[in-house]
Amino acid sequence: MGAILYYVHDPMCSWCWGYRPAFQRLKAQLPADVEIRCVLGGLAPDSDQPMPEEMQQMLQLTWRRIASQLGTEFNHDFWTQCQPRRSTYPACRAVIAAKKQGQEHAMTEAIQQAYYLRAMNPSDYQTHARLAAELGLDVARFMTDINSAEVDALLQEDIAHTAALGVSGFPSLVLEVEGQRWPIAVAYQNELTTLNDIKDKLKWANAKSVMKGWFVKKVSRL
């Protein structure tokens with residue numbers, strides 16, 4: 001019985017950056033029949049406006065809280081060396097454009113490192129072009145894709161999928177088995193909490209499937 005674990009995230013979500021180590025450990029321990037599908041939530045639409053000072057202060061406090069709670073590394077030079085914008089759709093499109101060249105996960109990590117460690121602006125396409133080159137992508141093709149209607153449509157599909165999954169915050173995990181879905185606990189420091197939640201849901205779904213099969217077989221014999 002196959003299952004899908006949806007990981008809903010945004011490359012510019014600081015809590016997703018904090019969750020990354022635990023998620024990597026979780027992936028290594030998942031049952032073989034659980035497929036992981038990443039879905040881009042799209043935190044903030046396109047904008048050329050500078051991020052309001054109040055929001056900058058709030059996010060800086062969030063970074064410090066994550067660092068304090070999880071030990072996550074942040075380079076606070078970003079706030080003095082870049083002009084922040086509350087716009088994550090460009091970074092999401094960069095992930096989709098990289099996915100077309102088989103580098104979805106590498107681009108997600110590259111954007112996170114550029115934002116949180118290298119003080120590079122993840123809302124700027126110049127940043128994405130540089131990261132694409134560093135990843136060895138076909139940069140010309142990447143830049144054509146990132147600005148295409150097709151990639152934007154794929155982003156909108158992911159955002160709609162996020163809503164359909166009932167997700168409102170990132171990161172989020174949703175397990176789907178035979179059309180039934182459950183929200184899964186996101187444990188930032190102990191991935192076993194999440195793993196056990198997934199295994200419990202799989203056991204319940206398997207038991208339900210066995211019972212359904214037994215009932216159908218019994219009815220067919222009547």
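## Close-up views of the helical packing and its loops

**Helix 6 from its buried side.** In helix 6, Thr127, His128, Ala129, Leu131 and Ala132 are the buried residues. Here, buried is under 20% relative accessible area and exposed is over 50%, with partly exposed in between (1.4 Å probe, protein chains only). Helices (H or I, at least four residues) and strands (E, at least two) are DSSP runs, numbered from the N terminus. The model is a predicted one, where local features need pLDDT of at least 70 and side-chain atom pairs count only at pLDDT 80 or more, while totals for chains, interfaces and linings use all residues. Residues are numbered from 1 along each chain as its sequence is written, and side-chain values use heavy atoms, with hydrogens and water left out. What do the buried residues of helix 6 pack against? Their partners are helix 4, helix 5 and helix 7 (139–146), with contact meaning heavy atoms within 4.5 Å.

**Helix 4 against helix 5.** Helix 4 (residues 89–99) packs on helix 5 (residues 104–116) at an angle of about 150°, and their axes are 7 Å apart. The axes are lines fitted to C-alpha atoms, for helices over the stretch in contact, and angles run from 0 to 180 degrees between N-to-C directions. That's why the two helices, helix 4 and helix 5, count as roughly antiparallel. For the wording, angles under 35 degrees are roughly parallel, over 145 roughly antiparallel, 65 to 115 roughly perpendicular, and the rest oblique. Helix 4 goes past helix 5 in a right-handed crossing; a crossing is right-handed if the near helix is turned clockwise from the far one by less than a right angle, and left-handed if anticlockwise. On the helix 4 side, Ala91, Ala94, Val95, Ala98 and Lys99 make the contact, and they meet Glu104, Met107, Thr108 and Ile111 of helix 5. Sorted by class, this contact between helix 4 and helix 5 has six nonpolar, one polar and two charged residues. Ala, Val, Leu, Ile, Met, Phe, Trp, Tyr, Cys and Pro count as nonpolar, Asp, Glu, Lys and Arg as charged, and the others, Gly among them, as polar.

**Helix 4 again, now with helix 8.** Helix 4 and helix 8 meet at an angle of about 105°, with 9 Å between their axes. That makes helix 4 roughly perpendicular to helix 8. Tyr89, Cys92, Arg93 and Ile96 of helix 4 touch Val151, Asp152, Leu154, Leu155, Gln156 and Ile159 of helix 8. The class tally for helix 4 with helix 8 is seven nonpolar, one polar and two charged residues.

**Arg93, a buried arginine in helix 4.** Arg93 belongs to helix 4, and with a relative accessible area of 7% it counts as buried. Which residues does Arg93 contact, leaving aside its neighbours within four places in sequence? They are Asp46, Tyr125, Ile146, Val151, Asp152 and Leu155. Gly42 sits 51 residues away from Arg93 along the chain, yet their C-alpha atoms are separated by 9.5 Å.

Thr162 is part of helix 8 (residues 149–164). At a relative accessible area of 4%, Thr162 is buried. Leaving aside its neighbours within four places in sequence, Thr162 contacts Val8, Val39, Leu40, Gly41, Val167 and Phe170. Phe170 is joined to Pro171 by a cis peptide bond, with omega about -5°. Pro171 sits in the loop between helix 8 and strand 3 (172–177).

Most residues other than glycine have a negative phi, and most peptide bonds are trans. Buried or exposed? Ala119 is buried, at 9% relative accessible area, whereas Glu178 is exposed, at 60%.

**Zooming out to the chain.** The chain contains nine helices and four strands, running β-α-β-α-α-α-α-α-α-α-β-β-α from the N terminus on. Its C-alpha trace spans about 75 × 40 × 30 Å along the principal axes. Of the 222 residues, 47% are buried.
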